[in-house]
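Subject: Structure handover

Hello,

Here is the structure I promised to pass on. Please open it first, then read the notes below.

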Amino acid sequence: MMHFADSLTFSGRKAVAAWAALPFPAPSGSSLPDILSAQQQDVPWKPLSSWREQKVSCCFAQSVVLRGICQEEPTSCPGQPQPPLHSCESPEQVLQQFLHTQFPGAFSTSHVLQQPCDTRPPFPQFFSPLLNRQGFLLDKAQGYSSGGVESIPVLAALQSSPVLHSLLSGLCRELRAPNARRCGSFFTAGVEQDDFQEALEELKTLSQCYKTGLGVSEDEADSD
């Protein structure tokens, strides 16, 4: 994982953020072009890291994997121009075109796998009753419990993006807070005060690598 993250980072950046859609929001019987076209101007995944959710409008590099989407033919209306995603020849091209539209100029790699994620026991059964047994969205709930979901389509992504500035600078502020210094067990574990301060400065420097100059958020203002 460390080497994979290194392939997505440059210009002093060392960290990537993890995102996922579990399950991927796909109506039953829909094609990938139809599903992604319905997303409009938003991405269908949520952050896995512990910071407040915010819209990701750009990124520097990313790797995205989608699995478990059936190879359905996209819908089309006679006499109307075909949307760009519907003109792609393969699911990989569809996903790549979607990423290029959402994040123009970013380095993106994408992979589409047909095999879904297996969710039979002992996988936690926390799914909505609006999912069928293959994990696709239905118009109304079925009679069986969520334990009947046997597999789901999943999208996962690693991104090097400006949102990491908020995450890293927020972590730095929390570690500088007085209540962190009062935690004696932290330093009794063998961490020297000078090493701790040096690590904080390195963390602050790392967070600055993710600033873009496209506007200052509340988190950015607090960190200065």
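**Aromatic cluster**

Phe123, Phe126 and Phe127 make up one aromatic cluster. The model is predicted, so local features need pLDDT of at least 70, side-chain atom pairs count only at pLDDT 80 or more, and totals for chains, interfaces and linings use all residues. Residues are numbered from 1 along each chain as its sequence is written, and side-chain values use heavy atoms, with hydrogens and water left out.

Rings of Phe, Tyr and Trp (its six-membered ring) pair if their centres lie within 6.5 Å; planes under 30 degrees apart count as stacked, over 60 as edge-to-face and the rest as tilted. That rule gives four aromatic pairs. One of them joins Phe123 and Phe126: the centres are 6.1 Å apart and the planes stand at 50°, so this pair is tilted. Phe123 also pairs with Phe127. Here the centres are 6.0 Å apart and the planes are at 10°, so the pair is stacked.

How accessible are these residues? Buried means under 20% relative accessible area, exposed over 50%, and partly exposed in between (1.4 Å probe, protein chains only). Phe123 is partly exposed, at 24%. Phe127 is buried, at 6%.

**Arg13 and two rings**

A charge sits over a ring if NZ of Lys or CZ of Arg is within 6 Å of the ring centre and within 35 degrees of the ring normal. The charged end of Arg13 is over the ring of Phe60, 3.6 Å from the centre. Arg13 also lies over the face of Tyr210, with 6.0 Å to the ring centre.

**Thr9**

Thr9 is in the loop between α1 (2-6) and β1 (17-21). Helices (H or I, at least four residues) and strands (E, at least two) are DSSP runs, numbered from the N terminus. Thr9 is buried, at 12% relative accessibility. Its side chain reaches two backbone oxygens: that of Ala5 at 3.3 Å, and that of Arg13 at 3.4 Å. Leaving out residues up to four places away in sequence, Thr9 touches Lys14, Ala15 and Val16. Contact here means heavy atoms within 4.5 Å.

**Leu200**

Leu200 belongs to helix α7 (residues 193-208). Is Leu200 buried or exposed? At 3% relative accessibility, Leu200 is buried. Beyond its neighbours within four places in sequence, Leu200 contacts Cys172, Leu175 and Arg176. Arg173 is 27 residues from Leu200 along the chain, and their C-alpha atoms are 9.1 Å apart.

Best wishes

Definitions and conventions. Polar contact = N/O pair within 3.5 Å; in protein donor to acceptor, adjacent residues only side chain to side chain.
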